[in-house]
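Got your viewer open and a selection tool ready? Let's take a walk, one stop at a time.

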Amino acid sequence: MDLNKVIACLKEIGLKPKINSFQDRLVIQKVVYLLQCKGIQSGFGYNLHVRGPYSPVLTKEVYEHKDAVQKLVTDAKLNASDSKKVEEFKELFSGLKPSLLEVAATYSYFAFQQHQDVITVLQNVKRMKSFYSETQIAVGVSKAKQFLFMPNENDLAEMKEEAKIWQDASIKNMRG
Amino acid sequence: MDSDFLSLMKESEILNSDVFSLIRLLLLSSINSLGEDGVTYRELKAGLDVSDGALFTNLKFLEKTGYITCEEIILEGKKLQSYKITHEGSLAWEQIRIWLKKFVECGGRNNGSK
């Protein structure tokens, strides 16, 4: 397991975590998972828990090296390819909203790790994250797809259609 | 086989039988698996697909037994209830987990399967 690499990623993202904060620990879990899905391997194994994909070993490491994580102390440097991926992540998930990261990570687990079909993936995400609104789920799923999915022509058309529904709904909402 | 069974029965004496209901086992397992991080009420409700009544009652029971603790956390500006396993809870879950594994294995052999 490479916690140094994790810290390098957090540093590049600009996250200054407070380990006593539930929210920051959750964000670290999801950031590391999504970056691993993208190919930045730090060696932390993830399994499905009530929180979605989660690595108990990562939590243990984070607590054990609390100071280094909080102060972002690392001698690891990301290579150009990894830096580019982190930059992409930063742009897509700016603000590091836990709800978006949670939905995106859970979607990615079912879609890209379990390779479930589209309908089953959505059913599972909606079930596990039923406390989030339809909009939060739709945005999280869309971000995960944007980050991890290489769309073909059909997929692009489908995504455009999907985005249009939400766009229309929000315009309607704004008009009252 | 008989000695296995007898030792299994003997070992069961140290287990807290009050925890032996599906929902309590699921709760202990789920809360234990997230260790120091704790699990929010809403995650348990969604993940385990249980009613508020059943969830609340059983969480209260585990809290009263000293197996879990409850604290308030803030997530995206919202106050949420989060549950963490205690040292006693973790030990109890480990004893149950090991015993259940032996119980299933012993049951399989008793049924004549290899």
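This is a predicted model: local features need pLDDT of at least 70, side-chain atom pairs count only at pLDDT 80 or more; totals for chains, interfaces and linings use all residues.

**Stop 1: a hidden pair in chain A**

Select A:Lys129 and A:Glu102. Their side chains meet in a salt bridge, with 2.7 Å from N to O. Are these two residues buried or exposed? A:Lys129 has a relative accessibility of 0%, so A:Lys129 counts as buried. A:Glu102 is at 1%, which is under the 20% limit, so A:Glu102 counts as buried too. In general, side chains of opposite charge can pair when their charged atoms come close.

Now colour by secondary structure and see where the partners sit. A:Lys129 is in the loop between α7 and α8 (134–148) of chain A, while A:Glu102 belongs to helix α6 of chain A. The two are 27 residues apart, and the pair links distant parts of the chain.

**Stop 2: a loop residue on the outside**

Next, pick A:Asn20. You'll find A:Asn20 in the loop between α1 (3–13) and α2 of chain A. With a relative accessible area of 61%, A:Asn20 is exposed.

What does A:Asn20 touch, leaving aside its neighbours within four places in sequence? The contacts are A:Arg25, A:Lys66 and A:Gln70. Zoom in on A:Lys66, because there is some detail to see: its side chain and that of A:Asn20 are joined by a polar contact of 3.2 Å. Then show the C-alpha atoms of A:Asn20 and A:Tyr63: they are separated by 9.1 Å, although the residues are 43 apart along the chain.

**Stop 3: looking for disulfides**

Time for the cysteines. A disulfide is a covalent bond between the sulfur atoms of two cysteines. How many disulfides does the structure hold over all chains? The count is 0. Select A:Cys9, which is in no disulfide: the nearest cysteine sulfur belongs to A:Cys37 and is 13 Å away. A:Cys9 is buried, at a relative accessible area of 5%, whereas A:Cys37 is partly exposed, at 31%.

**Stop 4: where the chains meet**

Show both chains and look at the contact between them. Chain A brings 22 residues to the contact and chain B brings 19. About 1,800 Å² is buried between chain A and chain B, and carbon and sulfur atoms give 54% of that area. Which residues of chain A lose the most area to chain B? They are A:Phe22, A:Val50 and A:Phe131, which together account for 36% of what that side buries.

The rule finds 2 salt bridges across the interface of chain A and chain B. To see one of them, select A:Arg51 and B:Glu43, whose side chains meet at 2.6 Å, N to O. There are also 11 residue pairs in polar contact between the two chains.

Helices of chain A that each supply at least two residues to this side are α2 (22–38), α3 (56–64), α6 (98–113) and α7 (118–128). α2(A) gives the most, with 5 residues. Sorted by kind, the side of chain A that touches chain B has 10 nonpolar, 7 polar and 5 charged residues.

**Stop 5: two salt bridges in chain B**

Over all chains, the structure holds 16 salt bridges. Select B:Glu11 and B:Lys102 for one with 2.8 Å from N to O. B:Glu11 lies in helix α1 (residues 2–12) of chain B and B:Lys102 in helix α5 (residues 87–110) of chain B, so this pair ties together parts that are 91 residues apart in sequence. B:Glu11 is partly exposed at 29%, and B:Lys102 is partly exposed at 35%.

Now try B:Glu13 and B:Lys10, whose side chains meet in a salt bridge of 3.4 Å, N to O. B:Glu13 is exposed, with a relative accessible area of 58%, and B:Lys10 counts as exposed at 55%.

**Stop 6: backbone angles in two loops**

Most residues other than glycine have a negative phi. Select B:Asp49, in the loop between α3 (41–48) and α4 (52–65) of chain B: its phi is positive, near 55°. Finish at B:Glu76, in the loop between β2 (68–75) and β3 (78–85) of chain B. B:Glu76 has a positive phi of about 50°, although it is not a glycine.

Note on methods
Residues are numbered from 1 along each chain as its sequence is written. Chains are lettered from A and ligands numbered from 1 in the order in which they are written. Side-chain values use heavy atoms; hydrogens and water are left out. Contact means heavy atoms within 4.5 Å. Buried area is the accessible area (1.4 Å probe) that two parts lose on being put together, summed over both. A salt bridge is a side-chain nitrogen of Lys or Arg within 4 Å of a carboxyl oxygen of Asp or Glu. A polar contact is a pair of N or O atoms within 3.5 Å; within protein, one must be able to donate a hydrogen and the other to accept it, and residues adjacent in sequence count only if both atoms are side-chain atoms. Helices (H or I, at least four residues) and strands (E, at least two) are DSSP runs, numbered from the N terminus. Ala, Val, Leu, Ile, Met, Phe, Trp, Tyr, Cys and Pro count as nonpolar, Asp, Glu, Lys and Arg as charged, and the others, Gly among them, as polar. A disulfide is a pair of cysteine sulfur atoms within 2.5 Å. Buried means under 20% relative accessible area, exposed over 50%, partly exposed in between (1.4 Å probe, protein chains only).
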